[in-house]
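Have a look at the sequence and the model first, then read on.

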Amino acid sequence: MGNRSGVLELAVLGLLHEAPMHGYELRKRVNAQFGWGRVLSFGSLYPCLKAMLRNGLITADPGTPEAGRRPKIVYTITADGKDYFAHAMHEAGPSAWEDDTFGVRFSFFGRTDPATRLRILEGRKARMEERLANFRAAMTRTAERVDAYTLELQRHGLESAEREVRWLNELIDGERRQQRPPDQHQPPIQGDSR
């Protein structure tokens, strides 16, 4: 799932899981939900849809024609597509927390089991902490040799990574609280001798 077409496939299956859509609507939703507005074109989407049709993950049916226009093809996820999506959402290896994949997987976390969500969040946090260490090392090495704008760009990268690590820590804490048995949700009251 680490390659770009695999990520697009996952995004399309997740959206089609919600409702059938035609190609233009799919492209619009992918761009809006995942921020691929400048990157995703019909030249990327339609080959992905054709491959998914060949693999039996989706079906394509002509929609209702509009006045003076040809009917839009409506894509629907199949049972095999739902199974494939469920299996892909359960995978929690390193590709799940890479930049290209994490946002798509996170947007469908509602369909992911808690243990898998936690593994992905912890993996993403480790990746971002590694990135933080690299930013700090680069800033230390290059602070005296770069101009003010390059230094600001490095500082921006550092601050963005720090913000994401804080956010991930909050999400991880929330997942862990949800996974505790009900009697462990409340910490003991200080001074309670019971």
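This is a predicted model: local features need pLDDT of at least 70, side-chain atom pairs count only at pLDDT 80 or more; totals for chains, interfaces and linings use all residues.

**The overall picture**

- The protein has 7 helices and 3 strands.
- Reading from the N terminus, those elements come in the order α-β-α-α-β-β-α-α-α-α.
- What share of the 194 residues is buried? Buried residues make up 35% of them.

**How α6 sits against α7**

- When two helices pack, you describe the pair by the angle between their axes and by the distance between those axes.
- Helix α6 covers residues 114–142 and helix α7 covers residues 148–179. Their axes lie 9 Å apart, at an angle of about 155°.
- Angles over 145 degrees count as roughly antiparallel, so α6 is roughly antiparallel to α7.
- The α6 and α7 crossing is left-handed.
- Sort the residues of the α6 contact with α7 by class and you get 16 nonpolar, 6 polar and 11 charged.

**How α5 sits against α6**

- Helix α5 spans residues 99–107, and it packs with α6 at an angle of about 145°, the axes being 12 Å apart.
- Which way do α5 and α6 cross, left-handed or right-handed? Their crossing is left-handed.
- On the α5 side, the contact is made by D99, F102, R105 and F106. On the α6 side, look for T116, I120, L121, R124 and R131.
- By class, the contact of α5 with α6 has 4 nonpolar residues, 4 charged ones and 1 polar one.

**A closer look at P62**

- You'll find P62 in strand β2, which runs over residues 58–62.
- Is P62 buried or exposed? Exposed means over 50% relative accessible area, and P62 counts as exposed because its relative accessibility is 65%.
- Leaving aside residues up to four places away in sequence, P62 touches P71, K72 and I73.
- Take I73 as an example: P62 and I73 are 11 residues apart in sequence, while their C-alpha atoms are 4.4 Å apart in space.

Technical notes: Residues are numbered from 1 along each chain as its sequence is written. Side-chain values use heavy atoms; hydrogens and water are left out. Axes are lines fitted to C-alpha atoms, for helices over the stretch in contact, and angles run from 0 to 180 degrees between N-to-C directions. Helices (H or I, at least four residues) and strands (E, at least two) are DSSP runs, numbered from the N terminus. Angles under 35 degrees count as roughly parallel, over 145 as roughly antiparallel, 65 to 115 as roughly perpendicular and the rest as oblique. A crossing is left-handed if the near helix is turned anticlockwise from the far one by less than a right angle, and right-handed if clockwise. Ala, Val, Leu, Ile, Met, Phe, Trp, Tyr, Cys and Pro count as nonpolar, Asp, Glu, Lys and Arg as charged, and the others, Gly among them, as polar. Buried means under 20% relative accessible area, exposed over 50%, partly exposed in between (1.4 Å probe, protein chains only). Contact means heavy atoms within 4.5 Å.
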